[in-house]
Amino acid sequence: MIRVGDAARAPAFPVAARRALGNAQLRRNVRHATDVIRNKRAVVVAEMSDWQDLRESAHQIKDHVLQHLDVYLEQFEDNCTRAGGRVHWARDADEANRIVIDIIHGHHEREIIKVKTMTSDETGLNAALEAAGIVPYETDLADLIIQLGADRPSHIVVPALHMNRTEIRELFQRTMKLEALGPIGTDPQDLTNAARAFLREKFLRVNVGFSGANFAIADTGSVCVVESEGNGRMCLTLPKILISLVGVEKIIPAFGDLEVFLQLLPRSATGERMNPYNSIWTGIRGGDGPQEFHVVLLDNGRTTVLADEQSRETLDCIRCGACLNACPVYRQTGGHAYGSIYSGPIGAILTPQLQSMQHSTSLPYASSLCGACYEACPVKINIPEILIHLRRRIVEEQGGPLGERLLMKAAALAFADSSRLSIAQKLARAAQWPFKRGGQLSALRGPLAAWTASRDLPAVPAESFRDWWKRLRPDSHEPLRGAKATSNSGGGGAPPR
Ligand code: SF4
């Protein structure tokens with residue numbers, strides 16, 4: 001079964017967003033956290049004279065991979081197997097979870113320690129493990145906060161960004177039971193010390209480690225994970241058995257390609273020049289690190305996304321979160337409103353596609369199409385264009401509301417002929433007077449009500465451009481050809497707006 005967390009059961013975006021907008025603390029937390037990351041990112045990006053070239057290179061590498069994905073996946077499998085790893089293929093979330101559980105049960109283990117991985121959130125792995133009698137421990141500080149609070153991530157890179165330090169301190173006091181430490185403070189150092197005391201014993205005891213991957217490298221069969229805390233390094237090196245769940249789109253052709261991505265990712269994600277911990281491993285090595293290594297390659301709807309040429313570049317995403325921090329919609333609502341572990345602009349295009357457009361079809365409309373996400377994206381995914389493409393698909397596959405469809409047909413008829421347009425403008429001018437307030441229309445009724453519920457709609461002006469032009473140049477029949485400056489051309493006044 002293709003699953004993207006609980007997205008299939010989530011309320012539509014407008015409903016969830018309205019709820020989020022009512023939470024002033026959440027909005028303050030999200031605004032503060034995204035401002036901090038954006039400012040840090042701006043500084044380290046400005047240092048790079050070749051930033052745009054790096055973006056273009058990353059885009060081209062990813063495009064090339066998607067065109068030859070089958071070849072690179074098989075190359076990765078061959079090289080990883082040759083180095084002592086075992087590669088499994090999972091069609092969907094259930095199959096991936098089953099493979100992971102079977103490996104753990106095969107070793108009679110009952111606990112795993114996890115590096116931050118969105119892909120396992122996508123498959124609902126933790127719930128599946130618990131149902132199978134296996135206890136997962138999140139070790140990334142933010143993911144640990146989410147797990148202890150039975151919460152949901154609100155950001156791709158900073159999952160607990162919606163919580164402030166006081167809220168986290170209270171959560172730790174309530175759930176960690178670290179009496180020996182005494183009362184926990186709200187300083188970052190105090191919170192880190194508490195998490196360290198809670199996790200250290202698990203790092204040393206648990207025999208199965210679990211990770212996702214930032215990149216899987218075809219020509220060496222290696223897997224790469226980047227992180228900031230060092231918890232990942234502990235999970236990747238201390239346990240006897242290591243399992244990595246990797247979306248098929250994480251493949252890059254060659255080890256040398258990391259040069260591009262390891263410059264783009266940390267700067268875009270956390271405003272760091274380099275991640276403090278970059279772990280790259282290839283199969284197993286006797287007497288050093290895990291002695292059994294499994295890679296589960298996950299499809300879960302990705303090949304369906306690949307099949308749509310106009311939106312397949314969605315799979316280029318390296319999960320840096322820069323588009324979230326730049327997005328005026330996300331910055332108001334936070335991540336929970338998206339109902340998916342993938343939030344913000346990338347969530348708005350990825351989640352509906354992974355679900356074959358059967359759920360979450362309100363998400364492509366969760367955008368002002370301002371283009372800030374495209375400018376921020378280090379791999380140049382044209383998110384606004386994909387949003388429009390998905391909106392078109394939704395209308396084609398599901399049809400829009402009847403009122404909207406009739407209105408669009410009428411608009412198409414009017415705009416196709418100047419005399420019809422003129423008649424429509426006259427009718428609109430006459431019909432708008434009950435709703436007109438100072439040049440704006442407010443509180444329209446019926447199927448048009450949504451237009452004015454949360455935005456201004458300018459009134460139809462008293463004079464159309466064509467009428468104004470005729471008045472200005474009575475002899476001219478072609479208003480746009482050969483037109484010079486208008487408002488200062490003498491007489492006629494300013495053009496109507
Ligand atoms: S779409 Fe681009 S900016 Fe957004 S998370 Fe993915 S790589 Fe980062």
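Reader: On what basis are the values computed?
Author: Local features of this predicted model need pLDDT of at least 70 and side-chain atom pairs count only at pLDDT 80 or more, whereas totals for chains, interfaces and linings use all residues. Residues are numbered from 1 along each chain as its sequence is written, and side-chain values use heavy atoms, with hydrogens and water left out.

Reader: Which side chain of opposite charge is nearest to Asp 92, and how far away is it?
Author: Asp 92 is located in the loop between β1 (86-90) and α5 (93-106). Asp 92 is buried, a term for under 20% relative accessible area, with exposed over 50% and partly exposed in between (1.4 Å probe, protein chains only). Asp 92 has no salt bridge, defined as a side-chain nitrogen of Lys or Arg within 4 Å of a carboxyl oxygen of Asp or Glu. The nearest side chain of opposite charge, at 5.9 Å, is that of Arg 98.

Reader: Which backbone nitrogen does the side chain of Asp 92 reach?
Author: Leaving aside neighbours within four places in sequence, Asp 92 is in contact (heavy atoms within 4.5 Å) with Met 1, Ile 2, Leu 298 and Asn 300. At 3.0 Å, the side chain of Asp 92 reaches the backbone nitrogen of Glu 95.

Reader: How are the rings of Phe 13 and Tyr 338 arranged?
Author: Rings of Phe, Tyr and Trp (its six-membered ring) pair if their centres lie within 6.5 Å; planes under 30 degrees apart count as stacked, over 60 as edge-to-face and the rest as tilted. For Phe 13 and Tyr 338 the centres are 4.9 Å apart and the planes are at 55 degrees, so the pair is tilted.

Reader: Why does this pair tie together parts that are apart in sequence, and by how many residues?
Author: Phe 13 lies in helix α1 (residues 13-21). Tyr 338 lies in the loop between α15 (330-333) and α16 (344-354), so the parts tied together are apart in sequence by 325 residues.

Reader: Which residues do ring pairs link into a cluster with Tyr 338?
Author: The ring centres of Tyr 330 and Tyr 338 are 6.3 Å apart with planes at 35 degrees, so this pair is tilted. Tyr 330 counts as buried because its relative accessibility is 0%. Ring pairs link Tyr 338 into a cluster with Phe 13 and Tyr 330.

Reader: Is Gly 399 buried, partly exposed or exposed?
Author: Gly 399 is placed in the loop between α18 (383-398) and α19 (402-415). Because its relative accessibility is 28%, Gly 399 counts as partly exposed.

Terms used: Helices (H or I, at least four residues) and strands (E, at least two) are DSSP runs, numbered from the N terminus. Lys and Arg count as positive and Asp and Glu as negative; His and the chain ends are not counted. A polar contact is a pair of N or O atoms within 3.5 Å; within protein, one must be able to donate a hydrogen and the other to accept it, and residues adjacent in sequence count only if both atoms are side-chain atoms.
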